[in-house]
Amino acid sequence: MSPPAPKIRIRGLRKAFGPKLVLDGIDLDVPDGQSLVVIGGSGTGKSVLIKCVLGIHTPDSGSIEIDGEEVTGLSAAERERVNRKFGMLFQGGALFDSLPVWENVAFGLIEGKGMRREAAKPRALVKLAQVGLTTEVAELSPSELSGGMQKRVALARAIATEPEIIFFDEPTTGLDPIMADVINGLIRKCVRELGATALSITHDMASVRKIADHVAMLYGGRIIWSGPVARLDESGNAHVDQFIHGRAEGPIQMQVRN
Amino acid sequence: MSFLAQIGSVLLLFLAASGRLTLFALTGLAHCFRPPIYLRLIGRQMVDMGYYSLPVVGLTTLFSGMVLALQTYTGFARFNAESAIANVVVLSITRELGPVLAGLMVAGRIGASMAAELGTMRVTEQIDALSTLSTNPFKYLVAPRLIAGVTMLPLLVLVGDVIGVFGGYLVSVYKLGFNAGIYIHRTLDILETQDVVSGLVKAAVFGFIISLMGCYHGYNSRGGAQGVGVATTNAVVSAAILILIFNYIITELFFAK
């Protein structure tokens, strides 16, 4: 019996910005209903990888399949259809500052799914409650919230349409360790409850150990190691070992100007 | 040879930028006619661009009309042609000063604000977030602003025309001692439909240019706060230059014999 087809299948993905080659032939599978976390240093192209899958960046070559459907080169209308399967938590939250919190959460329901505003608001309040926010917060502007609360609202927005696939871009960046753990717990809970597939990128190892089923390491534009999170400490890969232990010495050389 | 190469590379950059702008404009225009149409957003942009720009445009055209009457009087008095003040004021305001001054003022007020808003949305990934929420940024952000620009600036200019002519009337009647009835009679007598229509056509084109430049530079801004600042400056400067260029072209089309 053949193994089940992955939810996301990436093959030979290449992306360059001018002379700088960022992704140099990425091969990656994200199994259905599993949480895969891509780790790697700053500037290694983790965000570019996610944005290629989302259709925000157009890859130079290679293949990205969602549920077996090739999504590179789709028209704008087809891309909107595929994107209805997605939810995304941006690194900075990317909340719409012209809208109150509840409208941010309900945005995908109103604009993406054509739900009436009166029907979408109670759904948004339920999602806010799921991430631990009260109804008083719903009428506030995003700029009136703390960083941790903004991340929760962004998480509520990412799960509001009950997407099949959720992307998390550095979900704990800029948060204190306690709030980061709260967000990690919420991510784990929300993904499990939805039965969604999750693709996350981070360099926060506490986050990796909490939300990942599988881990892949991106280095030099390629996936140099992947496996279950339980095997992360016995990867046998010097790059992975250096990264997860946060050592300055090792095969990964940071460019530091003297 | 290197000099020629430099000219060539500048020309290529210019052509590439023109191509990108044309594609952006065509994509934005196509989304103005394709559903879904965001009426709430269009209404909000119309209020912002039309209603809230009224004081700026009103004051600009009022004082322009007043100055025009004063300057025409002092100039025309040398030829004993003071009676032509009403004609000069109404034709100058409706054909040229109304649309151009309103266009330049709105470019400064609204073009800059559009570029700053969209630029901030770009650098804070809000535009990317729209795409992930199955919402086309062109349809949601660009099309409402283009529609508001094309419809609101003619209305502003129409109001500005009336206020500008009234400014000329105030100075002529209350300062220079003209007869009010004769002044109004001369104003209406010389004015033709084409004078007003040409001004409104100019206003519609200028409104499109202002919205297009604001959206284009904001949408494509890069590099954080500095990038947003550059986008804002570029939006206002390019809109102002294009307004003056298209003002000549439209005048040529309407009035060249």
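Which residue just after H6(B) takes a positive phi? The residue is B:Gly177, with a phi of about 80 degrees. The model is predicted: local features need pLDDT of at least 70, side-chain atom pairs count only at pLDDT 80 or more, and totals for chains, interfaces and linings use all residues. Residues are numbered from 1 along each chain as its sequence is written, and chains are lettered from A and ligands numbered from 1 in the order in which they are written.

Chain B contains nine helices and zero strands (helices are DSSP runs of H or I with at least four residues, strands are runs of E with at least two, and both are numbered from the N terminus). The C-alpha trace of chain B spans about 65 × 55 × 35 Å along its principal axes. Of the 257 residues in chain B, 46% are buried (a residue is buried if 20 or more other C-beta atoms lie within 10 Å of its own, exposed if 12 or fewer, and partly exposed in between, with C-beta atoms placed from the backbone). When contacts in chain B between residues at least 6 apart in sequence are considered, 88% join residues at least 24 apart (two residues are in contact if their C-beta atoms, placed from the backbone, lie within 7 Å).

Helix H6 of chain B covers residues 137–175. Its 39 residues should span 57 Å at 1.5 Å a residue, and the distance of 53 Å between its end C-alpha atoms agrees with this (the expected span is 1.5 Å times one less than the number of residues). H6(B) bends by about 30 degrees at B:Ala143, and the proline B:Pro144 follows within four residues (the bend is the angle between axes fitted to the seven residues ending at a residue and the seven starting there). H6(B) is mostly covered, with 28 of its 39 residues buried.

Two loops of chain B have backbone features of note. In the loop between helix H1 (2–33) and helix H2 (39–49) of chain B lies B:Pro36, and the peptide bond from B:Pro35 to B:Pro36 is cis, with omega near 0 degrees. The loop between helix H4 (85–123) and helix H5 (126–132) of chain B holds B:Glu125. Phi of B:Glu125 is positive, near 65 degrees, in a residue other than glycine. B:Glu125 counts as buried because 21 other C-beta atoms lie within 10 Å.

In chain A, four strands form an open antiparallel sheet in the order S2-S1-S4-S5 (two strands pair if DSSP finds at least two bridges between them). Strand S2 (20–30) and S5 of chain A are at the edges with a single partner strand each, so one side of each has no neighbour in the sheet. S1(A) and S2(A) are antiparallel and share eight bridges, while five bridges join strand S1 (residues 8–17) to strand S4 (residues 61–66) of chain A, also in the antiparallel sense. A:Arg14 stands opposite A:Asp24 in S2(A) and opposite A:Ser61 in S4(A). S4(A) pairs with strand S5 (residues 69–70) of chain A over two antiparallel bridges, and the bridge partner of A:Ile66 in S5(A) is A:Glu69. The hairpin of S4(A) and S5(A) has two residues between the strands, and A:Asp67 there takes a positive phi near 50 degrees.

A six-stranded open sheet of chain A has the order S6-S7-S8-S3-S9-S10, with mixed pairing. Its edge strands are S6 and strand S10 (222–228) of chain A, each pairing on one side only. Strand S7 (residues 165–169) and strand S8 (residues 197–202) of chain A run parallel and are joined by five bridges. In S8(A), A:Ala198 is the bridge partner of A:Ile166.

A:Ala94 lies in the loop between S6 and H3 of chain A. This residue, other than glycine, has a positive phi near 55 degrees, and A:Ala94 is buried, with 25 other C-beta atoms within 10 Å.

Between the chains, 17 residues of chain A are in contact with eleven residues of chain B. On the side of chain A that touches chain B, the elements giving two or more residues are helix H2 (76–83), strand S6 (86–89) and helix H3 (101–112) of chain A. H3(A) gives the largest share, four residues.
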